[in-house]
Amino acid sequence: MAGLGAGTAVLALADARFPGGGHVHSGGVEEAVAAGLITGVADLREFLFGRLHAAGRLQAVFAAAAAHAAAGDAGREYWTRLDAELDARTPSCAQRAASRAQGRGTLRAGRAAWSSGALARLAVATPRPHHPVVLGVLAAAAGADPRGAALVAGYLAVSGPSSAAVRLLGLDPLAVNAVVAGLAAELDGVAGDAAAAAALDPADLPAPSAPALDLLAEAHDRHHREKGRLFAS
Amino acid sequence: MKAAASLRVELDAHRRRTVIGDLRSASPIRLVPRRGKVAAPGGALTVCLVESAAAPIGGDRLDLHVRVGAGAWLRLVGTGATLALPGHDGDHSRVRVHLRVDPAGTVEYLPEATVIGARADHRAETRLDLAAGARARCRELLVLGRHGELPGRGSSTTHVLRDGAPLLRQRLEVGRPRLAASAGHLAGARVLGSEILVWDRDPAAPSSGDWWSLTPLAHGGSVATSMAGDTATARRRLAEAVGHHPAHRDRSDRPGHG
């Protein structure tokens, strides 16, 4: 990743402009809006707080582990195991599909922008990698540490869904941006925890779960097929 | 209180009936075989899990080790809800259940609800180690607080492995009111139900409805999930989810009702 420092890579990966396909996913926001669980900025704040501590925490953990492994030249066996361990922590089919769709988009965009041996090895082991794993490898390729990779993954777990809420409910973008900014301390904590776990064996990585997110993802998938939804997840 | 109970079942010498190989109760975990100690040929041997004292309370470390031998079929059923209560010194309570199933063996682990009482700090850990070709059905009903009270805190951790490969790993933490209320976490539900099903054919596609789902896992097996404000509704939703599993729909080789 010649010419780009770690800081720039982290910014580019977290940028909504990054062409990884994240903009078509609402992270459960569309279903929660349809169910009347999010009607305004206050509900959104609480939804994102929960999402950060479940989906965000899981994604941060796997991004940090991937960044740690990429810096250490992990081989094919590691990437295959990491992939299976994230599958095991994602019981919802819809969430696995969303993660792999974004992973594939991020892999394609990442390969076009930067060259990385670890990225090539990851793509050989898992042609359709999970999103946080690709993020971690790309962040590491630029020299970012596991904590930086975890910050990107945790941030994307709330920033994309917040934009979806603006589109779905016509919320005030300034107020929604303030909500995301208000999660900074929580996000720091999540990224710090993830970085502390990054060197663990994949089997021992944390496995945070949130049943409401799983059920919203499955309900979204059903309604997407039955009557159409704006977002893919 | 520290206690470790264990149970081993296996096929008899004719390889037809499941019998008890070894049974060690350890207060407060009491294991009681139902209707004698021998199962019908090809059928499940039912053992009841009886709470023999007020447990668990803070400081308790309870272990249950279960081994199902090749071709044997064990149905382990609860007889009453488990109520986790705080101890005197603020220490947590822990209940760890480890189920190992050999090739072509079957385990049905169907405990009653675990209620996390006010101020309790309870950690439940369930590990299911399946051989290739083994079948399992493993249920959990977690109730956050007795009626009208705020729950304490705790976690429920589940690991399911088949032939050493992970099928499911989950850790649900409860006890932070803001997370409990968040639509992105527990959505205000008081009762959380789940049932792991590794039973012959997996569902080809997920099914879902109002606060329930049945989803095939990525590497085999499936999990049913439900959430509700009360236990009866959570049970009904969980039963609806489980009812979409092919083993229930075919009715030819149906998991028993616990």
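How many residues of chain A are in contact with residues of chain B, and how many of chain B with chain A?

## Interface of chains A and B

In this predicted model, the contact involves 33 residues of chain A and 31 residues of chain B. The size of an interface is often expressed as the accessible area lost when the parts come together. Between chain A and chain B, about 2700 Å² is buried, and carbon and sulfur atoms give 60% of this area.

Two salt bridges are counted between chain A and chain B. A salt bridge joins the side chains of A:Glu85 and B:Arg169, with an N to O distance of 2.6 Å.

## Packing of H4(A) and H6(A)

Within chain A, the axes of helix H4 (residues 76-88) and helix H6 (residues 117-125) come within 9 Å and cross at roughly 60°. H4(A) is therefore oblique to H6(A). The crossing of H4(A) past H6(A) is right-handed.

On the H4(A) side, A:Arg76, A:Trp79 and A:Thr80 take part, meeting A:Arg121, A:Leu122, A:Val124 and A:Ala125 of H6(A). By class, this contact comprises four nonpolar residues, one polar residue and two charged residues.

## Salt bridges

Side chains of opposite charge can pair when their charged atoms come close. Over all chains, the count is 28 salt bridges. In chain A, A:Arg229 and A:Glu31 form a salt bridge in which the closest N and O atoms are 3.1 Å apart. Because A:Arg229 lies in the segment after helix H11 (211-227) of chain A and A:Glu31 in helix H2 (residues 29-34) of chain A, the pair ties together parts that are 198 residues apart in sequence.

Key: Residues numbered from 1 in each chain as written. Chains lettered and ligands numbered in written order. Predicted model: local features only at pLDDT ≥ 70, side-chain atom pairs only at ≥ 80, totals over all residues. Heavy atoms only, no water. Axes fitted to C-alpha atoms, helices over the stretch in contact; angles between N-to-C directions. Helix = DSSP H or I, 4+ residues; strand = E, 2+ residues; numbered from the N terminus. Parallel < 35°, antiparallel > 145°, perpendicular 65-115°, else oblique. Left-handed = near helix turned anticlockwise from the far one by under 90°. Contact = heavy atoms within 4.5 Å. Nonpolar A, V, L, I, M, F, W, Y, C, P; charged D, E, K, R; others polar. Buried area = accessible area lost by both parts, 1.4 Å probe. Salt bridge = Lys/Arg side-chain N within 4 Å of Asp/Glu carboxyl O.
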